[in-house]
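Here is a short tour of a multi-chain model, written for someone who likes to check backbone geometry and packing by eye. Keep the viewer open and follow along.

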Amino acid sequence: MIAGISIYEILTVTSILFFIGVYGFITRKNLISILMSIELILNASVINFVVINKYLYPDMLQGVYFSIFIIAVAAAETALAVSIIINLYRQIASVEVKDTEIMKY
Amino acid sequence: MDILTLFVIIPVLTIVALVFTKGLKQARLVSMVGSIIQLGMAINLVFAYFKERAINKEIMVFTKDYVWFEQFNIHYTIGVDGISVALLLLTAIIVLAGVFISWKIADLPKEFFISLLVLASGVYGFFISLDLFTMFVFYEIAVIPMYLLIGIWGSGPKEYSAMKLTLMLMGASAVLLVGVLGIYFNSNADGGALTFNILEIAQVNIPFEAQKLFFPLTFVGFAVLGALFPFHTWSPDGHASAPTAVSMLHAGVLMKLGGYGIFRIAMFLLPAGAMHWSWFFIILAAIGVVYGAFGAIRQTDLKYINAYASVSHLGLVLFALMTLNKIAWNGAILQSLSHGLLTALFFALIGMIYGRTHTRDISKLGGMMKILPFIGAIYVITGLAYLGLPGFSGFVAEMNIFVGAFQNPDMFQRILTVLVVSSIVITAVYILRLVGKIMMGPLVTNDCENLPKATWYEKTGILLLLIPIIGMGVAPLWLSDMLLESIQPFIQGVL
Amino acid sequence: MERIIFYILALIMIVFAIASVSSKKMLRSVIYLLFVLCGIAGLYFLIDYNFLAAIQLTVYAGGIIVLIIFSVVLVHHIEMELELAKRSKQILVGLACLIGLGIFLTTIYSHTFNVVENSITTTAEDIGLGLLSYETGGFILPFEVISILLLASMIGAIVIAKGKKLTDKNEPK
Amino acid sequence: MDFTYVILIPLIPLAAFLLLGIFNQKIKPAVSGYIGVAGLSTSAALSFYTAYQYFFIVGKVEGVYQTFVEKTTWMNFTDTLAIDMGILIDPISVMMLIVVSVISLMVHIYSRGYMKGDDGYTRFFAFLGLFSFSMFGLVLATNLFQIYIFWELVGVSSFLLIGYYYTKPSAVAAAKKAFIVTRFADLGFLVGILIIGYYTGTFDFKTLNNPEGSAILNWASTSFIGLSVITWALILIFIGGAGKSAMFPLHIWLPDAMEGPTPVSALIHAATMVVAGVYLVARLFPMYYFVEDGFALNIVAYVGAFSSLFAAIIAITQTDIKRVLAFSTMSQLGYMMLALGVSGYDGHEGVGYMASMFHLFTHAMFKALLFLGAGSVIHAVHSNYLKDMGGLRKYMPITNITFLIAALAISGVFPLSGFWSKDEILVAAFEHNKLIYGVGVFVAGLTAFYMFRLYFGIFWGKDTQYKHAPHESPISMTFPLMILAFISIVGGFIPFSELITPDKAGFEAHLNIPLAIVATIVGLTGIGLAYVFYKKENNMADRFANAFGVFYKWTFNKFYFDEIYIFVTKNIIFNRIAAPIAWFDKKVVDGTMEGIGNKTVVISKKIKGIQSGKVQDYAFGFIAGVVILALVFIYLWTN
């Protein structure tokens with residue numbers, strides 16, 4: 001519990017973060033930037049888990065566990081993504097989205 | 001095995017036999033034998049029908065019913081009346097003539113004959129079935145091979161024409177399917193179960209609102225195949241690109257499916273809808289008659305001329321159907337038969353001329369009578385029959401239509417009738433222009449003086465078509481009475 | 001006091017998040033993200049989840065950011081300008097995000113949360129026990145699954161990243 | 001009396017046609033000529049036997065000629081309306097049998113000489129057989145529909161025979177023109193039949209023509225634009241008749257039809273087929289007379305009178321001898337129509353009807369003679385034009401004399417056949433309508449003038465130097481000329497007023513001496529003028545032509561009717577109607593269909609762009625979609 005801060009304010013902040021992430025995900029043109037936006041989105045949701053756990057069900061720890069798992073999965077995901085990006089870069093010498101449209105149609 | 005299902009079985013067996021043949025000679029022999037058997041059966045059916053009709057006064061005779069798909073109450077229901085018997089005979093004649101005309105087909109003969117017979121089996125099936133769904137299935141079977149037949153064995157812009165024809169017919173099928181389903185889902189209006197059976201639906205009073213909605217769909221769905229203005233444009237391109245036998249079969253038989261379907265389904269099952277909409281479609285049909293004839297005047301390709309002429313003549317069929325009159329309906333069926341034979345004959349002759357001179361452009365042809373006396377003479381006879389000369393089938397059909405259409409005291413319909421009658425003059429104009437240009441007059445080129453004369457198989461094919469034309473024209477009474485008798489139960493719905 | 005800290009943290013997070021998704025310089029963008037992640041860790045401290053905050057700092061701020069920086073350095077010149085989306089697209093997406101945000105917030109504010117006043121401090125021990133417990137409500141199975149997943153992804157990452165030899169045969173250029 | 005054997009009269013030529021048509025290539029020309037002649041001789045013999053039986057043995061019951069009908073159903077429409085095929089024996093049909101069989105036989109015989117050595121000899125006789133069959137069928141028809149059927153068949157045989165020299169473009173064009181113009185007229189005929197069929201419920205002549213029958217009594221029951229529908233039907237039927245009989249303004253095909261071989265012109269376009277229109281009106285005469293007090297009949301009279309005058313004027317200036325004869329035919333047909341138009345029904349009132357049939361008969365004989373004579377001339381000099389002829393009397397004595405007889409007959413010189421029939425017509429016109437009488441007399445004068453212009457131009461006039469000296473035609477050609485000349489001389493003494501009258505009862509005809517004298521004077525004046533102008537080679541005719549100037553030019557060009565026809569067909573139908581329709585079909589109707597197809601392709605290409613393969617675009621769609629759905633579900637879908 002943060003003294004003087006209601007759950008609404010925290011949720012507002014996470015929502016803002018979430019949508020900034022979404023905005024970034026859609027507008028950025030670089031695979032790494034997109035990856036970063038995904039991190040933002042993930043983090044925003046992780047905070048929600050934690051905060052709701054803390055504010056509404058302080059006796060339990062499920063929210064915390066979930067956040068840990070999410071962080072773990074995010075780490076794995078980032079590692080994979082980075083390796084894919086690097087591999088891609090080797091093949092086409094670019095990590096721009098516009099060069100990776102070969103799967104369309 | 002019942003007598004009607006054989007009509008579908010024989011082509012299928014012929015196809016199976018064809019699969020094991022090698023080369024042109026075997027393929028055409030097998031097709032010919034199969035078609036001759038089919039023709040024999042059709043003739044046999046006519047006699048059997050008369051015998052059966054004498055003791056059986058049902059609407060349909062030789063009816064059989066097998067459950068096909070129980071859940072939706074789809075049956076394989078078959079049966080014939082005088083109209084289907086006549087059309088089956090027509091089909092058998094034209095298929096056999098088509099085989100003769102394709103005697104020398106060069107590319108992929110086996111596949112060609114197989115496609116032709118698939119088409120034929122679809123047509124046979126369509127004419128014998130009494131179940132909306134089965135009918136629709138056969139209809140599709142008949143339409144689809146057209147794509148292959150034109151696309152592979154055609155000439156000119158064949159891919160384009162094949163695509164256009166298939167797409168427009170498929171579009172019409174889609175509309176038709178909606179209509180058919182509409183009928184199906186209203187077939188329990190009297191509290192019974194949903195059914196596709198035509199005879200059962202005919203007993204049901206489908207609500208007027210539904211009839212009003214589904215009649216145009218069903219009508220247009222079939223009428224596109226019958227070259228209703230303004231949905232006729234697939235026909236000139238399709239016919240021009242199609243190989244001869246396919247043009248014959250298509251114009252001769254397949255386009256008749258349209259009129260027959262309208263008669264059997266749209267008119268019979270949705271009589272109130274027909275009455276409600278007749279004023280509209282009769283105008284379209286009348287326009288089609290005159291319009292097609294005028295369109296034919298300006299064409300320069302033999303096949304285009306014939307295609308537009310078909311628009312005009314089949315417009316007469318639709319016109320007659322929409323007059324909702326017994327005599328005119330009789331005329332419509334007669335016209336279907338007559339036009340089927342005539343146009344097949346015309347296409348056959350065009351194919352022969354094209355096969356010899358390698359052109360269908362009338363400005364490059366002239367004085368053919370001198371070089372090809374047999375083909376020339378038959379061409380002139382066919383032309384004269386086409387413009388409704390007495391003594392040939394066209395006259396009988398047209399007179400029935402005109403007299404029938406005139407029986408309605410409605411002044412509007414009378415005026416349309418007079419308009420439609422005037423098409424006989426326009427028909428004369430383009431037919432005589434054609435005959436005068438390509439058969440008569442001086443020779444246009446000299447290099448065609450040694451063209452081969454008509455061969456025995458060409459002559460056989462031609463005579464096969466010509467004899468029924470003259471037969472119908474000289475002694476129409478038995479056929480006309482047979483049809484009138486069969487029309488009676490149908491006309492009662494709309495009177 | 002905590003309130004002020006929270007507001008400062010929130011401001012930092014939002015500002016740097018925006019900077020991160022709109023910066024034209026790749027490396028700066030990553031650094032801005034680092035600030036956001038740190039801010040989040042600060043938030044965890046504030047609500048007394050110290051263990052979580054530590055993980056956040058080590059895994060995210062420490063691991064992932066470093067990984068990303070590596071990849072950036074590997075594939076980019078440091079000072080390379082990033083290409084931005086079309087203005088119309090930015091506005092469109094921004095609008096959609098704003099509307100979405102509006103919906104979120106109205107929904108959140110129209111909902112009454114059943115907040116339980118407390119000041120329980122969660123220790124790392126509690127979390128560890130809970131994670132490894134195989135009684136009812138225990139998380140031992142997910143824990144194991146995650147560990148397998150991590151292993152798999154690790155192997156996968158290595159295989160993919162060093163995949164050059166595999167493609168060599170097919171692409172002799 | 002059983003007249004069933006009459007059916008053989010048309011069937012024998014049909015058999016000849018089928019035989020010659022199917023085995024065209026296999027039959028030797030000489031044999032085919034014999035087959036044709038033999039067939040027609042049989043038909044002619046049967047026709048004479050029928051005539052004898054009918055007129056003198058069994059036809060008359062209590063002073064009235066009976067109508068015999070033998071028929072069988074050909075096609076059913078409704079319980080009452082049906083097309084029958086059969087034979088109808090009454091005075092006019094029997095008379096027509098005689099006319100058709102005699103002329104046809106003569107032409108068959110003549111053609112054996114005229115067509116000798118032609119490629120299509122067998123074909124020619126086949127077509128003649130077809131024509132004879134159709135014409136017999138037409139005159140024997142029992143009902144409107146049967147007459148229409150044979151009417152069309154006659155038209156097509158005419159088409160085939162005009163286009164006999166099918167490699168000649170002008171012949172093909174003429175054949176087409178003849179068929180299309182008459183077909184256009186037949187449109188009226190057919191609509192008329194439809195109207196009659198609907199309102200009277202029958203096509204049968206016997207029922208329709210019964211003066212006490214419902215068809216005639218109830219004519220006023222329905223009206224349309226001021227006239228009874230039956231009157232409309234009769235007018236429309238008359239249009240059909242006018243087409244076949246080359247009445248103004250549907251006459252344009254007849255002069256061109258002269259492209260056919262000359263025997264054909266004699267048979268079809270002078271003696272038999274062209275009188276079908278007259279026959280049709282005569283066949284329905286009671287209807288024409290009784291319905292609406294003869295309104296339609298008056299139209300017939302005026303159209304006939306006008307055509308007669310119109311054609312006679314044109315005939316004066318033509319230089320193609322066959323065309324002169326063609327216009328003469330048209331003029332004489334107008335005469336017959338006129339006579340029908342001024343006729344009454346009962347007793348002596350029916351003199352016009354009788355005269356018309358009488359003139360039909362005599363005209364058939366002498367006009368066939370004229371044509372065959374002209375054919376003989378053409379055969380000798382190989383040209384159709386007056387300028388290539390002259391002084392032929394020395395070379396062709398038989399042709400000369402027979403032609404002279406025919407010319408005198410058509411000019412109405414006592415006592416040849418033309419005098420009697422023409423006199424009866426003028427009597428009828430005088431009693432009925434003075435204006436028409438005046439026209440008739442004037443036309444009689446013109447007829448004499450142009451006919452002798454022709455005669456003097458061919459056989460007298462300048463002495464042309466021929467490359468090959470012309471010689472008299474063979475016996476096969478001159479024999480028919482002599483027979484026909486004989487009939488033309490004595491034909492006038494047949495007591496038509498006893499045999500053929502509207503009420504079929506017969507009456508005493510008297511020669512109206514004053515009118516006969518007037519007619520004779522007018523005719524002789526015409527001959528005299530022609531004698532002065534054309535007997536010797538001089539330039540009086542040219543001076544005269546120059547004096548008339550524009551009028552002469554118009555007449556020479558047939559009042560530019562061919563140009564109007566070409567304008568209508570080429571410019572209006574072909575370019576103004578057919579071309580726009582073809583364009584409309586290509587661009588608008590087909591264009592719409594094509595457009596639908598093309599638009600589908602274009603749209604699908606557009607839609608394909610949405611599937612860009614960019615995850616971000618998908619994500620945007622996803623987010624936007626979620627947002628919209630959320631909005632919808634939260635705010636809009638609140639019950």
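Predicted model: local features only at pLDDT ≥ 70, side-chain atom pairs only at ≥ 80, totals over all residues.

Although Asp48(C) is not a glycine, its phi is positive, at about 75°. Is Asp48(C) buried, partly exposed or exposed? Asp48(C) has 18 C-beta neighbours inside 10 Å, so it counts as partly exposed; a residue needs 20 or more to be called buried.

Next come the cis peptide bonds. In chain B, the bond from Phe229(B) to Pro230(B) is cis, with omega near 0°, and Pro230(B) is found in the loop between helix H8 (208–223) and helix H9 (234–241). In chain D, Phe248(D) and Pro249(D) are joined by a cis peptide bond, with omega about 0°. Pro249(D) belongs to the loop between helix H9 (229–244) and helix H10 (253–256) of that chain.

| Site | Backbone value |
|---|---|
| Asp48(C) | phi about 75° |
| Phe229(B) to Pro230(B) | omega near 0° |
| Phe248(D) and Pro249(D) | omega about 0° |

Now step back to chain B as a whole. Chain B holds 20 helices and two strands. Its C-alpha atoms fill a box of roughly 75 × 60 × 45 Å along the principal axes. How does its radius of gyration compare with that of a compact globule? For 495 residues such a globule would have a radius of gyration near 23 Å, and the 21 Å of chain B agrees with this. Buried residues account for 64% of the 495 residues in chain B. Among contacts in chain B with a separation of 6 or more, 80% link residues 24 or more positions apart.

Where does chain B meet chain D? One place is the crossing of helix H16 (residues 393–406) of chain B with helix H6 (residues 169–200) of chain D, whose axes come within 9 Å at roughly 50°. That angle makes H16(B) oblique to H6(D), and the crossing is right-handed. From H16(B), Phe402(B), Val403(B) and Phe406(B) meet Leu190(D), Leu194(D), Gly197(D) and Tyr198(D) of H6(D). By class, this contact has six nonpolar residues, one polar residue and no charged ones.

Chain B keeps away from the other two chains. No contact joins chain A and chain B, whose closest C-alpha atoms are 24 Å apart. Chain B does not touch chain C either, and their nearest C-alpha atoms lie 39 Å apart.

Which pair of chains shares the most contacts? Of the four pairs in contact, it is chains A and C. There, 64 residues of chain A are in contact with 75 residues of chain C. On the side of chain A, helix H1 (7–27), helix H2 (31–56) and helix H3 (62–92) each give two or more residues. H3(A) supplies the largest share, 23 residues. The residues on this side of chain A divide into 44 nonpolar, 14 polar and six charged.

How values were computed: Residues numbered from 1 in each chain as written. Chains lettered and ligands numbered in written order. Helix = DSSP H or I, 4+ residues; strand = E, 2+ residues; numbered from the N terminus. Rg over C-alpha atoms; globule rule 2.2 N^0.38 Å. Buried ≥ 20, exposed ≤ 12 C-beta atoms within 10 Å, placed from the backbone. Contact = placed C-beta atoms within 7 Å. Axes fitted to C-alpha atoms, helices over the stretch in contact; angles between N-to-C directions. Parallel < 35°, antiparallel > 145°, perpendicular 65-115°, else oblique. Left-handed = near helix turned anticlockwise from the far one by under 90°. Nonpolar A, V, L, I, M, F, W, Y, C, P; charged D, E, K, R; others polar.
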